[in-house]
Amino acid sequence: MGDRRTLVVAGHGMVGHKLIESLVERGATAEWDIVVFCEERHLAYDRVGLTSFFTGTTVEQLSLVAPGFFAGAGLEVHVNDPVVSIDRQAAKAVSRAGRVVAYDALVLATGSYPFVPPIPGRDLPGCFVYRTIDDLEAIRDFAATCSVGAVVGGGLLGLEAASALCHLGLETHVVEFAPRLMPMQVDDGGSAALRRRIEELGVAVHLSMQTETILAGAGGSVAGMRFAGAEDLRADLVVFSAGIRPRDQLARDCGLVVGERGGVVVDGGCRTSDPRIYAIGECAVASGRVWGLVSPGYQMARVAADRLLGGDAEFSGADLSTKLKLMGVDVASFGDAFATTPGAESIVYSDPVAKVYKRLVLAAGSHQVLGGMLVGDAAAYQTLAQMARGDMPTPEHPEDLILPDRAGSTAGAAGIEAVAGTATICSCNNVTKNAICDAVTEGALTDVAGIKAATGAGTGCGGCVPLVIDLLKAELRKCGVEVANHLCEHFAYSRQELFDIVRVHRLTSFSEVLTGHGSGWGCEICKPAVASMLASLGSGYILDGEQASLQDTNDHFLANLQRDGSYSVVPRVPGGEITPDQLIVIGQVAKDFGLYTKITGGQRIDMFGATVEQLPAIWARLIEAGMESGHAYGKALRTVKSCVGQTWCRYGVQDSTSLAIELELRYRGLRAPHKIKSAVSGCARECAEAQSKDFGIIATERGWNLYVGGNGGMKPQHAILFAEDLDRATLIRYIDRFLMFYVRTADRLERTATWLNKLEGGIDYLRRVVIDDALGICGELEADMARHVESYHCEWKATVEDEGRLARFRTFLNSDDSDPNVVFVRERGQPRPATDLEKSKPVEALL
């Protein structure tokens, strides 16, 4: 134990946590005792995605720390207890709580603090900064009584703050001292395009404005802002987001060398003027400057980890290329964006109507791409950034890289194969092309999820995922792997291709599909898949004629088969709303037929233990009471959960229950590649858990936010914000298109989350299809949904009203007896399936 050393990490933000992760991954705990001091009450969280807090993302979802990480790695962490002093002579760190830890090495990862201009009134109630979760919670709570908010600062963080105020339902103003928005990332032309886009969202932009005073109202809180040479602006809430400054007070107090403009000066190994102390991230001055992005901070963390383990890694600067989505607008800059290289020339494309601006900076003579900026359309960012880094050659006509397509254009011909092997594909986690290619070939990987797990690529900001997909496909081709997506051996088509064949040719039976476009007799894969396609396209009652033989076990009896051979009965409860009379009927039916009852997470009541023979009689009773099939047995819409919304809840801002009922009744019975779940929350508190659903809706003061691609279950996935502040009609139109596009294009048994993850172009492509009608099919998608709504019928109602259809509901063809193997015992006042041991006992012993 005498050889062990102690490392103190002062600060646990994103960069501090990356340092700790790097050390743990490299086995540092074998020789180092690591003590971490975290100033905030929360462990490291995703500061880049902080604004999503206002659209329902929880603190737990923002967290970067896996459950049990510190205990599992044997680390010591102190939360809400920052280091407040360092005794360099004694090599000891002292925390606010009085903890004293002797160190062999110490890493400063204290980050930065928001710069607040010295404006009179900046300390009034109603003035905030935008940096931590505590800041955001304070803004949210104060905004509940406000109507107008203003942000001081029109840079990256300022626009993030403005987006937050919009989500809170405030009239929002952005006040910027400079003559343009995002002055560090875009030029005047880019700023103009960005401004037009943002003002379309209802945000007022005030440029070249010098704030003189924050005005106080009668109650002492913020009432407005006064400017030099301009009219006053009324505001109830002001957020300062005018840049950051390095948090270097600890370094100053203990005598470390700091830069002229702040920041702890470090060498290439991230070591300060004291060889036992390192500094990383936004508190450090490395290579002559403070780096204000996550990626350079992560690089410094890896360098410091390497040095602590005896390595010689160097930090010599970082690529500041970045792609952002600000208030729904794509903004990207890369390389020498402002053409500071001597002799550099620029090609500019500006479309004021589409509000798109692109600038490409080229070297004089060679026309090599040096840098550029993109506003409104950043689809070419990854390719251009690779060219600016020298990892991909510039094509003969570089103007084709930013101009609309023209005949003979060859700009994109180089492809991913032209990228150098040493090129960094994922800058967040420093993953090169070679590393990804090696992982694919050596690990026999066939999907992006495998690459993420093996290399970490795509697990940071996610911007590199399109390149990762291209690399995966290229490597599989090199390995001679044919990635065939055929439905099964009987159909040489993908599900999407076969669906289009059925739709275009208006086929109505499996025989027609198989005879015209398949081979053999079909199988347990293609029969239910084709049956689902036919049902999606409205081919009638699913158990009539040939259709009956295609269904799987659940659809065969319109009920879910349970482990003991009995079936469940699940009536629909739209939006979770149910009348007392319907509750009484469910209770009486369960009592009369001896069924087990349970309230589910989908806000409905399931009844278990029905035999096949009992199903028609049970459903006849339920239908008579005004209920209908909940389609729990089918690959179809299951439920649309809801909270009580503004009707009852004091926090609700919209009527979530009525909307949930409308959506569930609209999409009930819609057959799809897999089950579909939804939810509607009446405010940002998100009680209905809409962001874990295939499509979810959250109310705002201005309308509804639509989320898509969420998933619970074994592999949870957070839904992605698709569109904001929609009116009811637009919301439903977008959902119609989204669902029918999913039904058309997803693979068999593929949930929307997996489908979206695999979709070429991801969420941006989906927006172009659904919102912009890029494929010109939105009219067809809406018509398909209209046909579904018009032709819907309750399958159980159609069953109990037809004596011929009731004949199938029997266990034995030659007997009316029930299945003797279905046996129940009583437990907690309800029936449950008997175990094999219990079945061997006399019947009297089970009662």
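In the predicted model, helix H11 (residues 448-455) has Val448, Gly450, Ile451 and Thr455 as its buried residues, where buried means under 20% relative accessible area, exposed over 50% and partly exposed in between (1.4 Å probe, protein chains only). Viewed along the axis of H11, these buried residues fall within an arc of 155°, so they line one face of the helix; the arc is that of the directions from the helix axis to the C-beta atoms. An α-helix has 3.6 residues a turn, so residues three or four places apart point the same way. Exposed residues Ala449 and Ala453 are carried on the face of H11 turned away from its buried side. Glycine 456 follows H11 and has a positive phi, near 85°. Helices (H or I, at least four residues) and strands (E, at least two) are DSSP runs, numbered from the N terminus.

Residues are numbered from 1 along each chain as its sequence is written. Because the model is predicted, local features need pLDDT of at least 70 and side-chain atom pairs count only at pLDDT 80 or more, while totals for chains, interfaces and linings use all residues, and side-chain values use heavy atoms, with hydrogens and water left out.

Helix H10 (residues 433-442) packs against H11 at an angle of about 115°, with the two axes 10 Å apart. Axes are lines fitted to C-alpha atoms, for helices over the stretch in contact, and angles run from 0 to 180 degrees between N-to-C directions. The crossing of H10 and H11 is right-handed; a crossing is left-handed if the near helix is turned anticlockwise from the far one by less than a right angle, and right-handed if clockwise. Ala435, Ile436, Ala439 and Val440 of H10 make the contact with Ile451, Ala454 and Thr455 of H11, contact being defined as heavy atoms within 4.5 Å. By class, the residues of this contact comprise 6 nonpolar, 1 polar and no charged. Here Ala, Val, Leu, Ile, Met, Phe, Trp, Tyr, Cys and Pro count as nonpolar, Asp, Glu, Lys and Arg as charged, and the others, Gly among them, as polar. The loop between H10 and H11 contains alanine 444, which has a positive phi of about 55° although it is not a glycine. Alanine 444 is exposed, with a relative accessible area of 59%.

On H20 the contact involves Ser658, Leu659, Glu662, Leu663, Arg666 and Tyr667, and on H21 it involves Arg728, Leu731, Ile732, Ile735, Asp736 and Leu739. The contact of H20 with H21 has 7 nonpolar, 1 polar and 4 charged residues. Aspartate 736, located in H21, counts as buried at 5% relative accessibility. Apart from neighbours within four places in sequence, aspartate 736 is in contact with Arg666, Tyr667 and Met785.

An open sheet is formed by 4 strands in the order S28-S29-S31-S30, with antiparallel pairing; two strands pair if DSSP finds at least two bridges between them. Strand S28 (560-561) and strand S30 (596-599) stand at the edges, each with a single partner strand, so one side of each has no neighbour in the sheet. S28 is joined by 2 bridges to the antiparallel strand S29 (residues 567-569), and leucine 561 has tyrosine 567 in S29 as its bridge partner. Helix H18 (residues 580-593) packs on the sheet, where it touches S30 and strand S31 (605-610), and its direction makes about 15° with that of S31. Helix H19 (residues 615-624) lies across S29 and S31 and runs at about 5° to S29. In the loop between H19 and strand S32 (637-642) is histidine 631, which has a positive phi of about 55° although it is not a glycine. Histidine 631 counts as buried, at 1% relative accessibility.

Strands S23 (residues 345-351) and S24 (residues 356-362) run antiparallel and are joined by 7 bridges. They form a hairpin with 4 residues between them, and lysine 355 in the turn has a positive phi of about 60°. Aspartate 351 has valine 356 of S24 as its bridge partner.

Methionine 533 lies in helix H15 (residues 526-536) and counts as buried at 0% relative accessibility. Leaving aside neighbours within four places in sequence, methionine 533 is in contact with Leu487, Arg495, Leu498, Phe499 and Val502.
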